[in-house]
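Thanks for making the time this morning.

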Amino acid sequence: MSNAMYNKMWHQTQEALSALLDKETQKMIEPQRNQVLIFQTLATFYIKYVQIFRNLENVYDQIVHPQKRILIRKVLDGVMGRILELKNEMVELELTEFHYFDDILQDLKLAPQQLDIPIPKYFLKEKLEVIKGREKILAQILADSGIDTSDMVWRRFHQYKETEKLREEEMIFLGMNPPPLFNEVSATVIQAEKVDCLRNEVQIKHEEDYREALVTIKNDLKLIEGLDIKENLQDQIWHWFIECRNLTGTFPDYPDIEEGGSAIIFSNKTIQQVIEDIIANQEEEEKNEKKKKKKKEKQPKKAKKQKKGTKEKNKEEDEKWKMSPSLFLPAMKEGCNAYREIWMKKDESWNFSQDYDPELIKEEKRKELESEIRVQVDELMRQELKNLKLAVDRERERPVKAGKKKDKKKGKKGKKKEKKAKKDKDLTADRTIESLYKELVEEGLLIQALKVNLSDYIGDYSYLGTTLRQVSIEPMPSLLDVRQLITLYGIWPLGSAAVHEKAPLVKSLLLAGPSGVGKKMLVHAICTETGANLFNLSSSNIAGKYPGKNGLQMMLHAVFKVARQLQPSVVWIEDTEKTFYKKVPNAEKMNEPKRLKKHLPQILKLLKPDDRILIVGTTRRPFDAELQSFCKVYQKIILVPRPDYASRYVLWKQIIERNGGVLTSALNVSCLAKVTDGFTQGHIVEVVKGVLTDQRIRQQIHKPLTAVEFIMAIASMNPVYKEEEESFKNWYAKTPLGKKRALAITGGSAEKAKDKGKRKGKKEKKATKKK
């Protein structure tokens, strides 16, 4: 696909986005009552934004023009944020993390696969050097401290072959290397990789040229146009002084630096418009004074009536649902306007190589230069105005009383800051981040994430979700539902600072599900896809480390200080139910598994929108935890299910092929998937590896694989029984969102469910106080 093709794709996507933004703005004004229609509106917008995002992400990755990339990136981050906002709206409306869009997808003529949410490639591309550097440092620390990397799951060897071998042996969920034949890469693939590499080089080169041009063009403008700009500004301001005195009888007050100086008067206005504004203001003030006099006598009686009326109106409005205000729509609209003004009809026949456009830089830098020169001119003209007032009006400068007040305020703020500083005292102010990083690696608290992509989490969509919900049965989520939530709640916010700061904030995530379904693998995938550091605060990993109250405080301080400085970061707590045990088993009392219980809620409070840190807990026994404090710490709870038939079918096929197996008509994959109901991804990987020995792979030409071989091997394993899956569903029904959902299904409206949830919470609190 040529650059021209991607340009065309960008133009089409921008047009689609503009149309969608217009529809959104229109729908925001219309209040709704019908819950089904509300959900359909939200879901339609969500699906359409996902399609726009898929195209924009592709375009951003391929286009090489530096100024276009800046604009596309701004819009791309806006679309990501909007998708997260709409997701949040749907969760609050339906009281569930999982949604089914079958009917809407049919209307829009889309396949479920088109709902798959890609991970922007820029997450890793832009910090590749940082990640590589960090990996080298990590490997060096491990080598220096004499830790044997081959003994640890999360460590990797330094050399490429050893890395591959470790990945094969140790991958928790998918030990999937492609079969030998796959290594013979076709010429087409090699060519495509070369083109990709070339494009990346061109993008980097154009980016560098653009940055240099920003400096050189601005310097040139300063030399050529600087003096003219200064003189024009001074003339404009002089004219304003004189006209103001002619019209009002006095000279104007000069706006402070904080207010924006003279820019607030002349922003995109001619001197004539400024004069018209002065006249209009005078007339308005006169009118207002007359109105105030008339209103004084009649006002009290009407006010009471109005208050009653507004209360009744408010009640009516509350019943109707309205879309929450968006923090991302302004950025997208701004992007669309910039596209229309600059790029929509721009003739680029001269710019075949798609390098930077110098005229656009001149325009931008001229404005920048003007605002810099304006600051100097304002200082001069403020003094001139003082001289004028003294000379013409014989005004004396009044002593400024406001200054004292300001000082007082500053004093109070200063005291507050001092108090805060005492609270947030840096326990390691004398130490470098490098030394803390080294210590945490040596203590095994900062670990190497496995190189696992989210796309390796194989599965299929749930095709019965809508049907089951229609008969009030809550379906278990599909593997791809889980994958989407990991992208939306984990990967996107960690990968983009712009999205993390404004999107609904998810500080903590709990993955709950039986053994072998890929919970740990998903944690590693979040780190791989975002280049995040991985900290392991599992109770078994921190046992005996940093002992005592002060030790624990120091450990948490060091972990979160490094996590903040080197963000994005993931703090992983494996078997997290142990931190919240109802009753600690005698065998585990020595390890103090509940060390973090009191501290985790405090840590969550301290995490701000600009801290790209995610706390992820994994558990296979959530029922052992004390529910209330458990759910307080974990904001989002995701049930990770055993694979359903569709996912098992895909898993068997892909895992057999990736381990060197050849699929023939002799191997009935459908039968294999049917018979292995209840078995997890972990079971399937183990069985395939056991059956496909080197010898068996060689024999395939004469003796094709059959389903019986795999069934024989899996017969000795224990599946996840229906009862265990039910116990997870029952446990989830007791969580805050689960409770609300259950109430809504049994006939109570979403609002009642929310109210009851609140009342129950209050009653429980009262009960605990009485005890």
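Let me start with a term: I will call a residue buried when its relative accessible area is under 20%. Please also keep in mind throughout that what you see is a predicted model.

With that cut-off in hand, look at strand 4, which spans residues 569–574 and is mostly covered, since six of its six residues are buried. The covering applies to both faces: Ser569, Val571 and Ile573 are buried on one side, and Val570, Trp572 and Glu574 are buried on the other.

What lies beside this strand? On one hand there is strand 3, residues 533–536, which pairs with strand 4 in the parallel sense over four bridges. Within that pairing, Asn533 stands opposite Ser569, and Leu534 has Val570 as its bridge partner. In general, the strands of a sheet pair through backbone hydrogen bonds, in either a parallel or an antiparallel sense.

If we step back to the whole sheet, it is open and has six strands in the order 1-3-4-5-2-6, with mixed pairing. Strand 1 (446–447) and strand 6 (636–639) stand at the edges with a single partner strand each, so one side of each is left without a neighbour in the sheet.

Two helices belong in this picture as well. Helix 21, residues 599–606, makes a right-handed β-α-β unit together with strand 4 and strand 5. Helix 20, residues 548–565, lies across strand 1, strand 3, strand 4 and strand 5, and runs at about 125° to strand 5.

Now to a loop residue, Thr680, which lies between helix 24 (669–675) and helix 25 (681–691). Is Thr680 buried or exposed? At 1% relative accessibility, Thr680 counts as buried. Leaving aside neighbours within four places in sequence, Thr680 is in contact with Ser515, Gly516, Val517, Pro643 and Val720.

Counting pairs of cysteine sulfur atoms within 2.5 Å, the model comes to zero disulfides. Cys527 is buried, with a relative accessible area of 3%, whereas Cys197 counts as partly exposed at 43% relative accessibility.

Conventions
Residues are numbered from 1 along each chain as its sequence is written. This is a predicted model: local features need pLDDT of at least 70, side-chain atom pairs count only at pLDDT 80 or more; totals for chains, interfaces and linings use all residues. Side-chain values use heavy atoms; hydrogens and water are left out. Buried means under 20% relative accessible area, exposed over 50%, partly exposed in between (1.4 Å probe, protein chains only). Two strands pair if DSSP finds at least two bridges between them. A crossover is right-handed if, with the strands pointing away from the viewer, the path from the first strand over the helix to the second runs clockwise. Contact means heavy atoms within 4.5 Å. Axes are lines fitted to C-alpha atoms, for helices over the stretch in contact, and angles run from 0 to 180 degrees between N-to-C directions.
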